[in-house]
Amino acid sequence: AMLSYSKELIMVLDDESRIIDINENFLKLLKLPREDTLGKNIAFLQSPEADIHELLDTIPTEKGSQESEVTFHVKDTGDRIFHKKCIPTVFDDGRKAITVILEDVTEHILAEKEIRESEERFRMMADNIQDGLIILENGKTIYANKRIAEITGYSIKELWAMKPIAIIAPEYQEKAEEHARALEASPDKPRGLQTCIIRKDRERRFVYSRVSGVRHHDRFYNFIVFTDMTELRSQEARLTESEQRFRMMADNIQDGLIIVENDKIVFSNRRIKEITGYTTDEIAAKGIHGTLQIDDMQ
């Protein structure tokens, strides 16, 4: 009954590796009639369709129940991968045999391989982007890339064990939690937030976080991307400070000063306003030619 109805490929060998029985599924793979297989030593089995030498290499060394994977090259379908079980068998008359059961797992193996390759591509991409990335599943961290470890100063192992909210500066946590609740209610609306984090070494870093969410069955995934804005903010602060120093200097010199860019007045100091009697807006509106009357101006 097992030989007749099983989906697996089944072959029974005696203690001298001769084929005692074989089911139809195995015969279809080999493309051999039953009479050409029964009583023949498996080592001399010649199939016009399938190269089964890998199976032949493992049968003689089998001792006890063993499982492994073997690959057959089949002309019409290419390589097929089988999960092989070799089970010691004893007949009613005391004769010993071995039952070989092959389950075709090709599609399953290929699907797993494709998933692994897809995961490897994702990890390669995620570990080489310039932004930090954290992925949460139902509020628990399941992935953190190398960049987020660099930004926060925590190891990837430490990040896995903590909630992302823990790295947010206390004064920004309420706003971050508010965004998280809004995202869970409307996962199709990604949200951005400028915030501040506290590194493991207690240094404060300014980041721009972008959070998106995906609901899949009973699981809710958050994708949190951190862009470190600290250096940019420092540059902006230095630029603002430089502009403030310039304005303070320009407004305290005794000469009138106008700065023109592409024939447009972009700056006028306090002294030129005193000299002309016009306000800053009026000077800008009049332009250089309307403000200054210079003989033979070209």
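Close-up 1. Helix 4 covers residues 106-126, 21 residues in number, and reaches 30 Å from its first C-alpha to its last, close to the 30 Å expected at 1.5 Å a residue, the expected span being 1.5 Å times one less than the number of residues. Helices (H or I, at least four residues) and strands (E, at least two) are DSSP runs, numbered from the N terminus. Residues are numbered from 1 along each chain as its sequence is written, and side-chain values use heavy atoms, with hydrogens and water left out. Because the model is predicted, local features need pLDDT of at least 70 and side-chain atom pairs count only at pLDDT 80 or more, whereas totals for chains, interfaces and linings use all residues.

**Close-up 2. The largest nonpolar core and the surroundings of Leu102.** A nonpolar core is a set of buried Ala, Val, Leu, Ile, Met, Phe, Trp, Tyr and Cys residues joined through side-chain atoms within 4.5 Å. Of the 23 residues in the largest such core, Met11, Phe26, Phe72 and Leu102 touch the most other members. Strand 1 (9-14), strand 2 (19-22), helix 2 (24-30), strand 4, strand 5 and strand 6 each give two or more residues to this core, and helix 2 gives the most, with 4 residues. Neighbours within four places in sequence aside, the contacts (heavy atoms within 4.5 Å) of Leu102 include Phe26, Leu55, Val70, Phe72 and Phe82. A second, separate core of 17 residues includes Ile134, Leu136, Ile168 and Leu183.

**Close-up 3. Glu49 in the loop between helix 2 and strand 3 (50-51).** Glu49 counts as buried because its relative accessible area is 9%. Beyond its neighbours within four places in sequence, Glu49 is in contact with Leu29, Leu30, Lys31, His73, Val74, Lys75 and Asp76.

**Close-up 4. Val225 in strand 11 (residues 219-228).** Among the residues that Val225 touches, not counting those up to four places away in sequence, are Asp131, Gly132, Leu133 and Tyr208. The C-alpha atoms of Val225 and Gly192, which are 33 residues apart along the chain, are separated by 9.4 Å.

Note on methods: Buried means under 20% relative accessible area, exposed over 50%, partly exposed in between (1.4 Å probe, protein chains only).
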